[in-house]
Amino acid sequence: MTRDDDDVRVYATQGLVEMLLERAVEAEPARENVVLDATPAGEFGADLGLDPGTPVLSHVYLPAAGRAVSDVFGVDLGTPAGRGRARFLSHPQGPDELTRRDDLAGVVLLAVPPWETLTAFDRRGRRLPLTVVDAEPPTESIPE
């Protein structure tokens, strides 16, 4: 997500977009609502043609992580602090816009049937340009 004179551009990996659309199909008729995270463009193995600090949406935090604590205390342990400033939502019955019932974030990716594309929005419901990049984020590992 980059900002040029109030013009926000959203970037996401092809793999993430495909996975989100698959989740929407599998969840139908239920809605999907997951937190997304980004990797700086400079951390990808290939040159994306973007400023190295440009965030590229690349990861999902699954909603089941930390659910018991969240349900009891209202604390989201499934998303590391300071992460997840974007969200993916699906609307199986439409509309192709954000609604008052949606959980919002700085950037929201939305899918509606026929589940072929995503639309990006800011938290005010304004459409944003979405660029899909064909690149894999760096492999992460858990420190020992």
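The model is predicted. Number residues from 1 along the chain as you select them.

**Stop 1: Glu32 and Arg23**

Four salt bridges are present in the structure. Begin with Glu32 and Arg23. Their side chains form a salt bridge, with N to O at 2.7 Å. Glu32 has a relative accessible area of 11%, so it is buried. Arg23 has 22%, so it is partly exposed.

**Stop 2: Arg31 and Asp102**

Next, select Arg31 and Asp102. They form a salt bridge, and the closest N and O atoms are 3.2 Å apart. This pair links distant parts of the chain, 71 residues apart. Arg31 sits in the loop between helix 1 (14-27) and strand 3 (33-40). Asp102 sits in the loop between strand 5 (86-90) and strand 6 (107-111). Asp102 is buried, at 10%.

**Stop 3: Asp96 and Arg127**

Move on to Asp96 and Arg127. Their side chains meet in a salt bridge at 3.6 Å, N to O. Asp96 is in the loop between strand 5 and strand 6, and Arg127 is in strand 8 (residues 127-128), so the pair ties together parts 31 residues apart in sequence. Asp96 is partly exposed, with a relative accessible area of 32%. Arg127 is exposed, with a relative accessible area of 51%. The cut-off for exposed is over 50%.

Why can such pairs form? Side chains of opposite charge can pair when their charged atoms come close.

**Stop 4: Asp122**

Now select Asp122, in strand 7 (residues 119-122). Its relative accessibility is 11%, so Asp122 counts as buried. What does its side chain contact? Show Arg124 and Arg126 as well. A polar atom of the Asp122 side chain lies 2.9 Å from the backbone nitrogen of Arg124. The Asp122 side chain also makes a polar contact with the side chain of Arg126, at 2.6 Å.

**Stop 5: a negative patch**

Select Glu18, Glu22, Glu26, Asp134 and Glu136 together. These residues form a negative surface patch. Zoom in on one of them, Glu18, which lies in helix 1. Glu18 is partly exposed, at 41% relative accessibility.

Definitions and conventions. Predicted model: local features only at pLDDT ≥ 70, side-chain atom pairs only at ≥ 80, totals over all residues. Heavy atoms only, no water. Buried < 20%, exposed > 50% of the residue type's maximum accessible area, 1.4 Å probe, protein only. Helix = DSSP H or I, 4+ residues; strand = E, 2+ residues; numbered from the N terminus. Patch = residues over 30% accessible without salt bridge, like charges linked within 9 Å, V, L, I, M, F, W, Y side chains within 5 Å. Areas by Shrake-Rupley, 256 points an atom, 1.4 Å probe, with all protein chains shown as cover. Lys, Arg positive; Asp, Glu negative; His and termini not counted. Charge placed at Lys NZ, Arg CZ, Asp CG, Glu CD. Polar contact = N/O pair within 3.5 Å; in protein donor to acceptor, adjacent residues only side chain to side chain.
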